[in-house]
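Visitor: Can we go through how the helices pack here? Keep it quick.
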Amino acid sequence: MSNGKVYSGWQTDRYGARRRCIDRLVTGLSLIAASCLVLVLASILWTLLSKGLSGLTFAAVSKSMGPPGSGGGFANAIIGSVIQTALALVMATPLGMGCGIYLSEYGSKRNHFALIVRFVSDVLMSVPSILVGLFVYEVWVAPVGHFSAFSGSVALAILAVPIIVRTTEDMLRLVPLALREAGAALGAARWKVTLSICLRSAKAGIVTGVLLALARVSGETAPLLFTSLGNQNWSLNLNKPMASLPMTIYQYAGASYEDWVQLAWAAALFVTLGVLTINIVVRFSARRG
Amino acid sequence: MKHLPAEPLVQKQNKQKWPLADCLFYVLVASCAAIVLSVLGSLVVLLGVGAQQAFHHFGFQFFIKNIWNPVSNQYGAGAPFFGTLVSTFIGVLIALPLAFGTAFWLTDIAPKRISAVVGEAVQLLSAVPSIIFGMWGFFNIVPFMARHVQPFLMHHFRHVPGIKFIIHGAPFGTGLMTAGLVLAVMIAPFMTAIMKDVFNAVPPMLRESAYGLGSTRWDVMWKIVVPWSRTGIIGAIVLGMGRALGETMAVTFVIGNVTDVGWSLFAPRSTVASLIALQFPESPEGSLRLSSLLGLGFILMLLSFVTLSLARFLRGDTK
């Protein structure tokens, strides 16, 4: 059939013609579906670039937020975002890795506790992020009595943990049994085998998971609404409200001042480029590694 | 090598006595697992406890009543629930053909190199923060709906009996339809990724036999791949639904935020998540209003829990 000269029955009869017709139609439709999604991505990037690029000046990334018309920027939000996501990862990484190690090394099919924990971490992965914000508000902000950057980090950490758990477990499961046995045969204790053999050989995958969690968390807005709230000024105090890029976008995008909307677009471009860069780097290195 | 023991060495250590360091390590990682478990447990419990006041005050009426009035302190979950369910339904309805078509195109039709590039692009789309989707929707889709789609529909379909009640209303641009569209493009990449995996997992021999019998690509897709991977596809739909249910920032931007129930798909509405996001800052600690918002959160939590369990059950994985 490859040379186009061979005609088998189905290609010539009427039923075959109909099927070929449907096949072409569906092929066309699926091409349209795929191009729709690509066009959406292109449209988002185009919108961000056309509206945000002119606002992404040196002043915007070096000055703190200010009243409308003052020519302020969002430098304090950048710093705030970096501090809060970094703190969230510092909390989430050891916890998530510990949980992942437990699930892969001790969580056999008969271990009901491990089955429950695995299910729970899956549930946590799909909990709406705004509920995590509400939860941290109830646990932390309401009893303490004021919004704080630290509570924002806790909320982000809760969102990051399940991603790290999942990747750690998956990566540790890929470590061949022979490698563990080799370690055990050399007389290494079990914790030593886990830490210096399994974790080391799964390092690249786990780093990938942490980076993906970072990308996911750094664009989150909803959990910060009720926890770190946002701040117009420079603030490095973890016990006070702190600005962050997504919150700045949220507050400025709906504002009626031209320059604030402009800043919102610039910040949106900044965040999106950052998140996409992390994702591209992760995918690229994962494929090579 | 037959004289070697068949059992792996790292096994059945439960029966033996562990060295102290091993015990400590076990306790360390097990407590990590316990913390993760307790976080989710307390998340559910705390939302429930916070909502006690509202549930107690309004009783069962809270779930069905369409009222949200901070002045008279009357709250009901009717309107936000209506908005959440309808916008999610529209989102899934649009996302399903998009995701299915894209997955079909990526696995069976596109040349490998193009498929890789487009696949990456679609994956990147799912990494875009949700607030960016909100801004994009607010500044692109909303004006488009208000200026073109809605006037067009009004002009041509105003007098069609079955349709007119769905499209009536002033052309605001915000509303259930817009929210559904934005939700669709947010969850479609996610559903595409799952469907692509499921389609690729179909044994190649099945496809080859069907092609050998003279099937077209669509025949193979519709009669071999889809029946074979049906549960996986349903799982992808349910997971996408779960995402759409709890989506906050994007929906808040484009839905218009009016707590009301009605037939029109183009009128401003609100969802559970958008209502919580907007009303929370104005709700003082300990008030009935805050409690009602927590009650909404509690039900949303249950909804997403049910959808996830359903997805796992359908996929049939208990690993």
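Guide: Axes are lines fitted to C-alpha atoms, for helices over the stretch in contact, and angles run from 0 to 180 degrees between N-to-C directions. Note that this is a predicted model.

Visitor: Start with chain B. At what angle do helix 4 and helix 7 of chain B pack?
Guide: About 130°, with the axes 8 Å apart. Helix 4 of chain B covers residues 112–127, and helix 7 of chain B covers residues 176–200. That angle makes the two helices oblique to each other.

Visitor: Is the crossing of helix 4 and helix 7 of chain B left-handed or right-handed?
Guide: Left-handed.

Visitor: Which residues meet there?
Guide: From helix 4 of chain B, B:Gly119, B:Val122, B:Gln123, B:Leu125 and B:Ser126. Across from them in helix 7 of chain B are B:Val185, B:Pro189, B:Phe190, B:Thr192, B:Ala193 and B:Lys196. By class, this contact has six nonpolar, four polar and one charged residues.

Visitor: New topic. How far apart are the end C-alpha atoms of helix 5 of chain B?
Guide: Only 33 Å. Helix 5 of chain B spans residues 130–157, 28 residues in total. A straight helix would reach 40 Å at 1.5 Å a residue.

Visitor: Where does helix 5 of chain B bend?
Guide: At B:Met145, by about 45°.

Visitor: Now chain A. How do the axes of helix 4 and helix 7 of chain A cross?
Guide: At roughly 35°, coming within 6 Å. Helix 4 of chain A is residues 75–106, and helix 7 of chain A is residues 149–174. The crossing is right-handed.

Visitor: What classes of residue make up that contact in chain A?
Guide: The contact of helix 4 with helix 7 of chain A has 20 nonpolar, nine polar and three charged residues.

Note on methods. Residues are numbered from 1 along each chain as its sequence is written. Chains are lettered from A and ligands numbered from 1 in the order in which they are written. This is a predicted model: local features need pLDDT of at least 70, side-chain atom pairs count only at pLDDT 80 or more; totals for chains, interfaces and linings use all residues. Side-chain values use heavy atoms; hydrogens and water are left out. Helices (H or I, at least four residues) and strands (E, at least two) are DSSP runs, numbered from the N terminus. Angles under 35 degrees count as roughly parallel, over 145 as roughly antiparallel, 65 to 115 as roughly perpendicular and the rest as oblique. A crossing is left-handed if the near helix is turned anticlockwise from the far one by less than a right angle, and right-handed if clockwise. Contact means heavy atoms within 4.5 Å. Ala, Val, Leu, Ile, Met, Phe, Trp, Tyr, Cys and Pro count as nonpolar, Asp, Glu, Lys and Arg as charged, and the others, Gly among them, as polar. The expected span of a helix is 1.5 Å times one less than its number of residues. The bend at a residue is the angle between axes fitted to the seven residues ending there and the seven starting there.
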